[in-house]
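Have the model open while you read.

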Amino acid sequence: MLVVYDSKTGNVQRFVNKLKLPDNKLLKINQVLKVQEPYILITYTTGIAQVPRTTLDFLQSNHDFLKGVISSGNRNWGQYFASSADQISNMYEVPILHKFEMSGSEEDVRIVIERMDDILHETLRVK
């Protein structure tokens, strides 16, 4: 499954590197990126519970193939921890696959790989 990600401080970048996906299955958000196949989004939460502007801009023209969202955050924010996932899930009616702190743990990696496999199999069943 394709993974599209947005990273500012490097936490999300470090997390996606732990997934050990082939380079052709991993895309970093940029201003011209267009995605025409099912994908999972991994992003971060910025400010006080805000979705990054770069992520919002990307989703505006690339939400059709979005199958699920994952977000990083800091648990010090309490109820706002990784709230980008909540907001994107609500905006685009996709499941929250996971939330992880900072650059994630090995357990977070295991959970994300398992949930990505579930989404991939569901996508294949629909076709």
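1. A term first, since it comes up throughout: a residue is buried when its relative accessible area is under 20%. Keep in mind that this is a predicted model. By that cut-off, both Phe15 and Phe100 are buried.

2. On to the rings: there are 2 aromatic pairs in the structure. For Phe15 and Phe100, the ring centres are 3.9 Å apart and the planes sit at 15 degrees; planes under 30 degrees apart count as stacked, so this pair is stacked. Phe15 belongs to helix H1 (residues 11-18) and Phe100 to strand S5, so the pair ties together parts 85 residues apart in sequence.

3. Tyr39 and Phe58 make an edge-to-face pair, because their planes are at 70 degrees, with ring centres 5.8 Å apart. This pair also links distant parts of the chain, with Tyr39 in strand S3 and Phe58 in helix H2, 19 residues apart. Tyr39 has a relative accessible area of 0% and is buried; Phe58, at 3% relative accessibility, counts as buried too.

4. Which elements do the buried residues of H3 pack against? They pack against strand S3 (39-44), helix H2 (53-62), strand S4 (66-73) and strand S5 (96-101). The buried residues in question are Ser83, Ser84, Ala85, Ile88 and Ser89, from a helix spanning residues 83-92.

5. One more ring to look at: Phe81 has the charged end of Arg75 sitting over it, 4.3 Å from the ring centre.

Note on methods: Residues numbered from 1 in each chain as written. Predicted model: local features only at pLDDT ≥ 70, side-chain atom pairs only at ≥ 80, totals over all residues. Heavy atoms only, no water. Buried < 20%, exposed > 50% of the residue type's maximum accessible area, 1.4 Å probe, protein only. Helix = DSSP H or I, 4+ residues; strand = E, 2+ residues; numbered from the N terminus. Contact = heavy atoms within 4.5 Å. Phe/Tyr/Trp six-rings, centres within 6.5 Å; stacked < 30°, edge-to-face > 60°. Lys NZ or Arg CZ within 6 Å of the ring centre and 35° of its normal.
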